[in-house]
Amino acid sequence: MSQYETPLFTGLVEHSKKNPVQFHIPGHKKGAGMDPDFKEFIGENALSIDLINIGPLDDLHQPKGMIKEAQDLAAEAFGADHTFFSVQGTSGAIMTMVMSVCGPGDKIIVPRNVHKSVMSAIVFSGATPIFIHPDIDEDLGISHGITTDAVAKALEQHPDAKGVLVINPTYFGISADLKKIVEIAHSHNVPVLVDEAHGVHIHFHDDLPLSAMQAGADLAATSVHKLGGSMTQSSVLNMKEGLVSAKRVQTILSMLTTTSTSYLLLASLDVARKRLATEGHDLISDTILLAENIRNDINKIDGLYCVGKEILGTKATHDYDPTKLIISVKELGISGFDAEKWLREAYNIEVEMSDLYNILCIITPGDTETEGSQLVTGLRELAAQLKKHGDITPVTVMLPDIPVLSMTPRDAFYADTEVIPIDQTVGRTIAEFIMVYPPGIPIFIPGEIITQENIDYIKTNIDAGLPVQGPEDYDLRHLRVIKEHHAIR
């Protein structure tokens with residue numbers, strides 16, 4: 001088949017043109033049984049292919065027809081031996097990766113700045129995480145990747161590990177030396193799993209970091225919806241044969257996936273793959289050029305700094321994705337959240353994320369010079385207003401501690417627990433997740449010992465207005481901790 005074909009999307013359209021009488025779910029029956037305002041907004045075309053796994057349309061859980069053809073084309077496009085479509089987002093694909101190689105008590109080597117979904121999979125599987133501390137950028141206040149030295153040391157100390165998980169690239173677009181990491185892990189006969197949530201496009205352009213499949217990784221969970229043009233919640237899991245069983249991966253993915261799979265999401269993966277494979281290089285070339293022009297304009301604004309190639313050169317910053325604009329605002333004396341809120345209210349601009357010190361903007365083929373100019377104009381006005389209204393005190397970067405893990409996340413999650421005021425939790429073992437989302441990197445995971453420094457860091461994020469999530473108590477006045485058993489007197 002040709003990469004210009006879309007067997008799944010085309011098959012769905014041809015089916016809808018037959019206009020069959022439907023005695024199956026979904027119950028809205030092409031929109032006829034739906035709220036008319038929503039139907040009008042969504043449109044009849046979309047609703048006509050919002051279908052279910054009836055005979056002619058194949059089944060994601062055991063694909064043999066149009067879904068298999070679409071997945072095979074995707075595997076060819078990504079340089080994989082197998083590609084599995086995910087309608088559970090990249091989180092579902094990440095959990096599948098971990099649970100495909102790990103069982104109860106198995107060790108897995110992971111960076112401490114992993115996404116929540118990795119730790120969720122570790123809880124579900126009963127695996128024991130062997131943490132590698134990522135390199136911290138003390139100027140930007142963000143985590144980078146893991147180094148080849150750290151991976152080699154971890155494997156020497158834990159030769160029985162069942163996998164090494166790598167983030168490539170990070171949320172901020174920074175890549176480690178993935179090819180070397182793969183070589184080191186494979187020399188120990190250990191598979192490499194890659195969280196490629198923010199790197200679907202890197203496979204299709206030589207000026208971007210190596211993709212997981214190009215680097216020889218065994219599994220890669222890749223968000224097509226984030227930067228590749230498919231609909232939200234649609235992703236792929238790419239795989240190379242050898243150290244991991246494809247049948248095992250299909251089984252685990254099926255266990256974690258709804259049986260009512262969305263054909264809208266699946267079709268959007270099919271057409272996004274076609275566009276990446278046939279037009280991706282040219283589209284990404286234009287995107288890189290646009291991003292570089294915006295970066296240069298931002299760096300002409302006094303008090304702002306947009307990260308570029310100068311960040312490269314350390315063992316943890318092997319390469320970077322220039323389409324990610326990391327914009328440091330701390331020299332303006334404000335938080336990233338302050339900048340995000342101001343841009344929203346003054347210029348109707350929404351950024352990808354903000355933290356205490358930065359905002360992150362992503363540039364994709366969906367952007368033009370018009371949007372770029374609006375961003376630069378907004379940032380220029382923000383800086384001018386702050387300069388006009390008095391002295392600016394640059395923000396001092398505050399970095400969280402990496403807590404000590406006192407018990408496995410699964411044991412902590414299912415342990416006998418109690419809820420106590422947050423200020424009484426120092427020294428106790430936490431039994432729930434706490435993170436700022438986005439990016440969803442945990443400040444605490446179940447089983448870690450609570451420190452005063454991290455409590456202060458949590459409160460600083462809350463005071464700044466950032467979205468701290470995870471605990472059962474949304475207000476974060478209380479935390480769930482492992483219950484202490486005192487001696488009977």
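Visitor: What rules apply to the model before any label is given?

Guide: This is a predicted model, where local features need pLDDT of at least 70 and side-chain atom pairs count only at pLDDT 80 or more, while totals for chains, interfaces and linings use all residues. Residues are numbered from 1 along each chain as its sequence is written, and side-chain values use heavy atoms, with hydrogens and water left out.

Visitor: What makes Lys387 and Asp302 a salt bridge?

Guide: The rule asks for a side-chain nitrogen of Lys or Arg within 4 Å of a carboxyl oxygen of Asp or Glu. Lys387 and Asp302 meet at 3.1 Å, N to O. The pair therefore qualifies.

Visitor: Why is this pair said to tie parts together?

Guide: Lys387 lies in helix α13 (residues 369–388), and Asp302 lies in the loop between α11 and β11 (305–306), so the bridge joins parts that are 85 residues apart in sequence. Helices (H or I, at least four residues) and strands (E, at least two) are DSSP runs, numbered from the N terminus.

Visitor: Is Asp302 buried or exposed?

Guide: Buried means under 20% relative accessible area, exposed over 50%, and partly exposed in between (1.4 Å probe, protein chains only). Asp302 has 55%, so the label is exposed. Lys387 has 40%, so the label is partly exposed.

Visitor: How do you know that Arg428 pairs with Glu484?

Guide: Their closest N and O atoms are 3.2 Å apart. That meets the salt-bridge rule, so the pair counts. Arg428 sits in the loop between β16 (417–421) and β17 (434–436), and Glu484 in the segment after β20 (478–482), so parts 56 residues apart in sequence are tied together. Arg428 has 12% relative accessibility and counts as buried. Glu484, at 41%, is partly exposed.

Visitor: What are the accessibilities in the pair Arg477 and Asp475?

Guide: Arg477 is exposed at 55%. Asp475 is exposed at 52%. The closest N and O atoms of this salt bridge are 3.2 Å apart.

Visitor: How many salt bridges does the rule give?

Guide: The count comes to 19. Some are linked: Asp139, Lys330 and Glu331 form a network.

Visitor: What makes β11 and β14 edge strands?

Guide: Two strands pair if DSSP finds at least two bridges between them. The open sheet has four strands in the order β11-β13-β15-β14, with antiparallel pairing. β11 and β14 (353–354) each have a single partner strand, so one side of each is left without a neighbour in the sheet.

Visitor: How do you know that β13 and β15 pair?

Guide: Five bridges join β13 (residues 324–328) to β15 (residues 358–362), and the two run antiparallel. The definition asks for at least two bridges, so the pairing stands. Ile327 has Ile359 in β15 as its bridge partner.

Visitor: Which helices pack on this sheet?

Guide: Contact means heavy atoms within 4.5 Å. α11 touches β11 and β13, and its direction makes about 10° with that of β13. Helix α12 (residues 336–347) touches β14 and β15, at about 50° to β15. Axes are lines fitted to C-alpha atoms, for helices over the stretch in contact, and angles run from 0 to 180 degrees between N-to-C directions.

Visitor: What makes β9 a strand with both faces covered?

Guide: In β9 (residues 219–222), Leu219 and Ala221 point to one side, and Ala220 and Thr222 to the other. All four are buried. β9 pairs with β8 (residues 192–196) in the parallel sense over four bridges, with Leu193 opposite Leu219. β9 also pairs with β10 (residues 235–239), antiparallel, over four bridges. There Ala220 stands opposite Asn238.

Visitor: Why is α6 called mostly covered?

Guide: Eight of the ten residues in α6 (residues 116–125) are buried. Among them are Val118, Met119, Ile122 and Val123. The cover includes α5 (89–101), β2 (107–111) and β3 (128–132). Just after α6, Gly126 takes a positive phi of about 80°.
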